[in-house]
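Try each one yourself before you read the solution.

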Amino acid sequence: LDDGAEAFNPSWVRLTEKALHTNLQVVGGIGAGKTSGVVFPLADQLLRKHASDAERRPFLLVLDVKGGVYETIAEIATAAGRADDLVQLTPGGTMTCNLLADDAPAQQAARLLEALTLADDGQAHPFYAASQEAFVRAALGVLALGRGRGEYHIGDLQRFIADVEWRDRLVAEVASERHAVWPGCLDYFQRTVRQMDERDLQGILLGLTNQLGLWTTGAFGETF
């Protein structure tokens with residue numbers, strides 16, 4: 001519609017609950033009401049549904065990228081009697097989140113590198129992108145064997161990358177226990193890394209260090 005024009009025979013758009021579990025695209029210019037006219041009403045209806053039934057009431061994951069959305073969602077949840085269900089995860093806040101708590105090392109590495117590449121505008125060279133994923137996959141494998149799955153976080157990965165002595169010591173400790181699980185991660189550091197060109201290795205490590213820097217320093221480091 002043109003700005004200021006009215007729709008002919010306007011009617012409500014009804015979405016099934018199943019539709020809300022898939023992708024929904026809302027198109028409109030800045031200030032057209034995408035958030036206030038769609039996101040907030042949907043959140044209000046969902047949070048009120050079965051609000052008093054702990055087993056059936058739905059939950060929402062809201063990404064407040066621009067800021068200002070959480071406050072309104074909090075008001076909606078409070079009005080629906082669900083203030084106690086609110087959990088706010090923000091850098092420097094009271095809640096923490098281990099982004100490496102689930103999945104096997106290979107899946108963790110793929111997802112982590114994909115997120116870092118997107119944050120870096122996808123500028124990584126294909127060679128270094130593949131090499132970084134191989135390094136991170138092997139590093140997470142060693143951390144899983146040495147620390148236990150779910151017992152390490154991004155800060156440990158950053159230390160594994162930057163602290164050569166700590167890395168070599170952890171690899172040696174894990175190798176001495178002769179683990180049969182993920183043997184490729186040990187082989188990677190005992191053979192592949194030692195045979196790698198020093199300039200290529202430093203390029204891989206420097207790129208990973210720079211990419212992980214945001215997540216391991218300041219308020220982000222305290223939270224993730």
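**Exercise 1.** At what angle do helix H4 (residues 126-147) and helix H6 (residues 164-176) pack, and how far apart are their axes?

*Solution.* Keep in mind that this is a predicted model. Two packed helices are described by the angle between their axes and the distance between the axes.
- Step 1: H4 and H6 pack at about 60°, and their axes are 9 Å apart.
- Step 2: Angles of 65 to 115 degrees would count as roughly perpendicular, so H4 and H6 are oblique to each other.
- Step 3: The crossing of H4 and H6 is left-handed.
- Step 4: On the H4 side, the contact is made by Phe-135, Val-142, Leu-143, Leu-145, Gly-146 and Arg-147. H6 contributes Trp-166, Arg-167, Leu-170, Val-171 and Val-174.

**Exercise 2.** Work out how H5 is oriented relative to H8.

*Solution.* 
- Step 1: The axes of helix H5 (residues 154-162) and helix H8 (residues 198-216) cross at roughly 150° and come within 10 Å.
- Step 2: Angles over 145 degrees count as roughly antiparallel, so H5 is roughly antiparallel to H8.
- Step 3: The crossing of H5 and H8 is left-handed.
- Step 4: From H5, the residues in contact are Ile-154, Gly-155, Leu-157, Gln-158 and Ile-161. They meet Leu-205, Leu-208, Thr-209, Leu-212, Gly-213, Trp-215 and Thr-216 of H8.

**Exercise 3.** Which residues form one aromatic cluster with Tyr-188 and Phe-189, and are Tyr-188 and Phe-189 buried or exposed?

*Solution.* 
- Step 1: The structure has eight aromatic pairs. One of them joins Tyr-188 and Phe-189, with 5.1 Å centre to centre and 85° between the planes.
- Step 2: Planes over 60 degrees apart count as edge-to-face, and the pair of Tyr-188 and Phe-189 is edge-to-face.
- Step 3: The cluster brings Tyr-188 and Phe-189 together with Phe-135, Phe-160 and Trp-166. Phe-135 and Trp-166 also take part in the contact of H4 with H6.
- Step 4: Tyr-188 and Phe-189 are both buried.

**Exercise 4.** Which residue lies over the face of Phe-59?

*Solution.* Look for Arg-82, which lies over this face at 4.7 Å from the ring centre.

**Exercise 5.** What is the phi of His-50, and where does His-50 lie?

*Solution.* 
- Step 1: Most residues other than glycine have a negative phi.
- Step 2: His-50 is not a glycine, yet has a positive phi of about 50°.
- Step 3: His-50 lies in the loop between helix H1 (34-48) and helix H2 (69-79).
- Step 4: With a relative accessible area of 27%, His-50 is partly exposed.

Methods:
Residues are numbered from 1 along each chain as its sequence is written. This is a predicted model: local features need pLDDT of at least 70, side-chain atom pairs count only at pLDDT 80 or more; totals for chains, interfaces and linings use all residues. Side-chain values use heavy atoms; hydrogens and water are left out. Rings of Phe, Tyr and Trp (its six-membered ring) pair if their centres lie within 6.5 Å; planes under 30 degrees apart count as stacked, over 60 as edge-to-face and the rest as tilted. Buried means under 20% relative accessible area, exposed over 50%, partly exposed in between (1.4 Å probe, protein chains only). A charge sits over a ring if NZ of Lys or CZ of Arg is within 6 Å of the ring centre and within 35 degrees of the ring normal. Axes are lines fitted to C-alpha atoms, for helices over the stretch in contact, and angles run from 0 to 180 degrees between N-to-C directions. Helices (H or I, at least four residues) and strands (E, at least two) are DSSP runs, numbered from the N terminus. Angles under 35 degrees count as roughly parallel, over 145 as roughly antiparallel, 65 to 115 as roughly perpendicular and the rest as oblique. A crossing is left-handed if the near helix is turned anticlockwise from the far one by less than a right angle, and right-handed if clockwise. Contact means heavy atoms within 4.5 Å.
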